[in-house]
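Please find below a colleague's note on the model under review. It is arranged as numbered points.

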Amino acid sequence: MSRNSSTSAGLVAAVLALGVGGCPKPAPPETPLPAALVLGPVVKTRLAELRAKVKETPLPPAADVSALIAKLGEADPAARRATEDALVAAGPGAIPALAAALADTTLADAARGTAALALGRLDHDAAVAPLVAALRDRSRYVRAFVSMALGTLGRDEAVTELLFRFKEEYEPEGVVVNAAAKSLLGFGNVGGLDRLVKNLRARQLEREDAIVLLKEIVGTDRGFDPSGAELDRRVKATEWEDWLAFEAPAFLLARPAPPEPSDRLALKIVETVDRLREYQMRTIDDARLVLERLGVTAVPFLRLGLRDEEAKIRGYALEVTTLLGPRARDATPEILGLLRDEMLAPFAYQALGAVAAKEDALPLLLRGLADPRTEVRIACAAGLGLQGDPAAGLEPLKKLLASKGRLPADLELAADVASGALGDLPAFGRALDLAEASGAIDPDVAVRTVEDALARASRRFGGGRSPFRPAGAASPGVPSGTSHARPDPTAAAASASGAQNPQPPADGVRVPVTAGATPPPPDRATRVAAIRAYLGG
Amino acid sequence: MNKNIRLALLVALVLGVGALVYALVPPSGEEATLPSGLSAKGTALDVLRDSKSCQPCHPTIYAEWESSWHGKAFTEPEVRKLSEDFKNKDCIPCHAPRPMIETGLGERVLARLDRRPEGVDCLSCHKGKDGFLGAHGATGSRAKWPDACDPVRAPEFVSSVQMCFPCHNQHKTHDEWKASPAFAQGKDCNACHMPTVPGEATIGSTTRLEHRSHVYFGGHHKDYILDAIKFDATVEKDATGAARATVTVRNEGAGHNFPTDSRNRAVDVTWQALNPGGIEIGSGQGFRFRNPYITEIDKTNTQLAAGETKTVAIDLPQGPGTAVLRLMYRHNPFEEDKDSVVLYEKRIEY
């Protein structure tokens with residue numbers, strides 16, 4: 001302690017101790033922390049149970065369909081369709097030959113696509129594996145046909161792999177995305193909403209497909225005409241993007257629960273949860289994306305993950321529950337139990353704010369604001385913002401901010417942003433002041449955080465449409481900017497030039513278009529000025 | 001006056017006077033150099049909560065770390081650009097990690113929620129469950145400052161490659177090292193990247209006058225790369241007068257592929273041909289050393305493995321002229337020449 005500060009502290013202590021005010025007030029009653037969770041190898045145990053239950057489906061005995069297979073590549077689409085019908089009529093015995101044709105990269109895309117469609121119509125479990133394997137084919141056209149075929153086949157074990165398309169597809173047309181989203185809808189999953197909305201800005205055929213699917217999911221096309229004038233389309237696409245950013249979370253919360261997953265899908269989901277223990281970030285990110293897009297279907301399995309003895313699984317499962325928000329409310333008991341988890345407590349508090357009901361979350365978040373650990377206090381401040389209850393959250397945050405100057409800067413920033421999120425819009429201005437003045441906060445990240453929170457808050461409290469777009473708009477229900485899809489300029493360029501698919505497209509398949517160049521974002525000063533101008537107005 | 005109230009006032013008076021006396025007694029010179037609060041009650045884990053609090057006793061190491069890419073892991077413009085200001089949250093765990101000992105040596109790290117601009121901070125590697133981990137223990141300072149942070153002697157932790165690979169093997173560097181001659185020779189990460197340098201690790205230390213550098217020499221230090229990577233170029237003409245340059249690049253000293261790291265780093269062999277008037281008559285890229293990102297399925301890994309040599313042939317425009325052959329280090333594959341580092345340049349008249 002420095003000499004000056006120790007002197008001041010001593011004097012203050014002396015004055016306080018000598019007492020000017022009579023008896024001390026009783027301490028406010030404190031909400032006790034819930035008991036810690038009992039952890040165990042629950043994911044591995046469940047995995048073993050399901051693996052014992054789910055047997056691999058062997059391929060049926062092969063039938064001699066070589067003559068039909070040779071016709072798969074015929075140029076005439078009607079002839080191909082006739083071949084497809086004949087192969088379906090041949091029954092499951094055709095599956096081995098069709099699987100081989102689908103995997104044969106020397107065949108034309110049209111031939112392989114026809115093989116995929118025939119596999120989809122054979123209504124046999126053995127068709128799932130070859131189709132799922134071909135979802136990662138180099139040809140986007142094959143991937144599109146396979147995505148459609150999996151929907152026709154109707155085995156829900158393909159759901160996790162279909163969802164993965166929303167991460168992996170860099171193709172600019174959106175053909176595979178539309179096909180995957182359509183098949184997923186058949187399984188009751190709407191995890192590709194954001195990609196469908198994105199396709200409203202794609203070419204006409206993809207726009208048409210996307211709006212049909214969106215109308216089926218949401219019940220309205222919101223006036224979007226895929227053949228309309230470009231300006232009208234842009235305006236309507238922006239409205240859809242706003243809907244996605246601001247209204248989709250409530251829409252998803254109100255949606256009826258999808259059907260119970262089969263054992264085979266349950267096994268796939270538990271395998272996905274188990275991958276959260278992996279080392280490579282890429283693997284974890286893939287798993288996290290699938291779990292998030294599974295939505296409420298994933299929650300019982302995430303609860304298993306939250307009870308697992310492996311901290312990585314608990315940590316990433318907490319992250320996914322936070323992203324799911326109130327849709328993961330069934331996981332509240334596990335989240336409460338993890339507040340005592342020494343390593344993961346900050347993540348648990350954040351999840352509590354995002355997921356739990358007011359009566360469960362608020363007392364503990366308020367208690368956490370006084371925690372000696374800065375990370376916990378940051379998480380609790382953020383959690384109060386996520387809870388979205390101004391009456392309960394603003395006053396405690398105000399009290400916390402009364403110690404302004406003595407708080408760690410990142411805690412002060414979190415409290416300002418949370419206050420803004422709860423309707424105290426000028427707090428965003430204070431957050432910007434702090435970011436500019438404090439060397440302990442990264443100003444670029446702070447501006448992005450403010451933009452994100454301000455977009456939501458201005459929508460709710462500002463009385464009009466905000467000029468800002470939340471960073472998480474790409475993924476419904478995501479409270480803060482996450483980026484699952486990592487567009488790679490090199491890959492995009494390769495995709496746009498057709499480098500991944502040198503073969504000519506099959507008839508009826510759309511020709512690639514060049515990906516539009518994204519303009520560089522405005523610099524920080526411009527963005528800060530825009531925020532200040534908005535707040536000033 | 002109630003007896004209890006009188007008793008309470010007496011206790012308050014004693015405490016108050018005590019606090020006043022404590023505040024007015026001048027601290028000793030030695031205590032004044034300790035991190036704030038360390039001489040008060042509480043363990044080092046309670047008090048040393050950021051990197052700055054390590055600085056008073058370890059100023060040299062702090063300065064090295066602060067200048068290093070570990071110290072700038074969250075703020076450095078290149079990573080900001082590639083991660084879109086960390087909008088890609090997957091980058092945060094390694095660029096602002098929680099203490100490795102908490103998350104487990106050799107395990108994936110988790111992101112910190114606070115102090116992110118400190119990047120890979122002191123606590124990331126040195127904070128243990130029961131105290132601070134050091135390679136040597138505080139034998140010199142413990143006698144002088146009984147309340148010092150008292151690091152636990154744990155060289156097996158702080159020198160372990162398992163401290164490095166949770167992050168660096170995300171881009172496969174650890175796997176490359178295990179396949180290299182350096183691994184066979186028992187050379188670990190610290191052998192090259194944290195050499196022993198002169199200077200006391202702790203102020204006032206009389207026993208340790210050298211320390212492991214916390215600059216973390218690597219791809220941002222040109223001289224360091226030049227020690228490991230060798231380059232040569234020749235130009236020959238055939239009977240028809242056609243000129244061909246032959247460039248050789250050898251990974252002589254790196255204990256992993258060159259350039260290590262997937263996606264981001266790239267090293268190009270470039271050429272430029274000038275006519276006798278100095279006007280450019282041709283230019284191009286002869287070869288790119290790079291491990292492509294996982295999504296770039298149409299590209300192959302062209303890194304230069306440890307101990308290997310790559311020879312590149314380049315057909316030059318008709319002479320006479322001067323060939324300018326360069327080895328360019330790019331911090332990302334899209335980096336322009338003006339921002340890249342010229343590792344080597346050789347001019348040959350032909």
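1. Basis of the note. This is a predicted model, in which local features need pLDDT of at least 70, side-chain atom pairs count only at pLDDT 80 or more, and totals for chains, interfaces and linings use all residues. Residues are numbered from 1 along each chain as its sequence is written, while chains are lettered from A and ligands numbered from 1 in the order in which they are written.

2. Chain A overall. Chain A contains 27 helices and zero strands; helices (H or I, at least four residues) and strands (E, at least two) are DSSP runs numbered from the N terminus. Of its 537 residues, 51% are buried, that is, 20 or more other C-beta atoms lie within 10 Å of their own, against 12 or fewer for exposed residues and partly exposed in between, with C-beta atoms placed from the backbone. Among contacts in chain A with a separation of 6 or more, 68% join residues 24 or more positions apart; a contact requires C-beta atoms, placed from the backbone, within 7 Å.

3. Nonpolar cores. The largest nonpolar core has 182 residues, and those with the most contacts inside it include Leu98(A), Val273(A) and Leu302(A). Such a core is a set of buried Ala, Val, Leu, Ile, Met, Phe, Trp, Tyr and Cys residues joined through C-beta atoms within 7 Å. Helix α8 (residues 140-153) of chain A supplies the largest share of this core, nine residues. Apart from this core lies another of 25 residues, including Phe258(B) and Trp271(B).

4. A sheet in chain B. Three strands form an open sheet in the order β5-β6-β9 (chain B), paired antiparallel; pairing requires at least two DSSP bridges between two strands. Because β5 (229-237) and β9 (309-315) of chain B are edge strands with a single partner each, one side of each lacks a neighbour in the sheet. Strand β6 (residues 243-251) of chain B is joined to β9(B) by seven bridges, and Thr248(B) is placed opposite Thr311(B) in β9(B).

5. Helix α22(A). Which residues of α22(A) are buried? They are Gly393(A), Pro396(A), Leu397(A), Leu400(A) and Leu401(A). Viewed down the axis of α22(A), the buried residues fall within an arc of 140°, so they line one face of the helix; the arc is that of the directions from the helix axis to the C-beta atoms. The face turned away from the buried side of α22(A) carries the exposed residues Ala391(A), Glu395(A) and Lys399(A). The buried residues of α22(A) pack against α20 (358-368), α21 (374-387) and α23 (409-421) of chain A.

Notes: Two residues are in contact if their C-beta atoms, placed from the backbone, lie within 7 Å.
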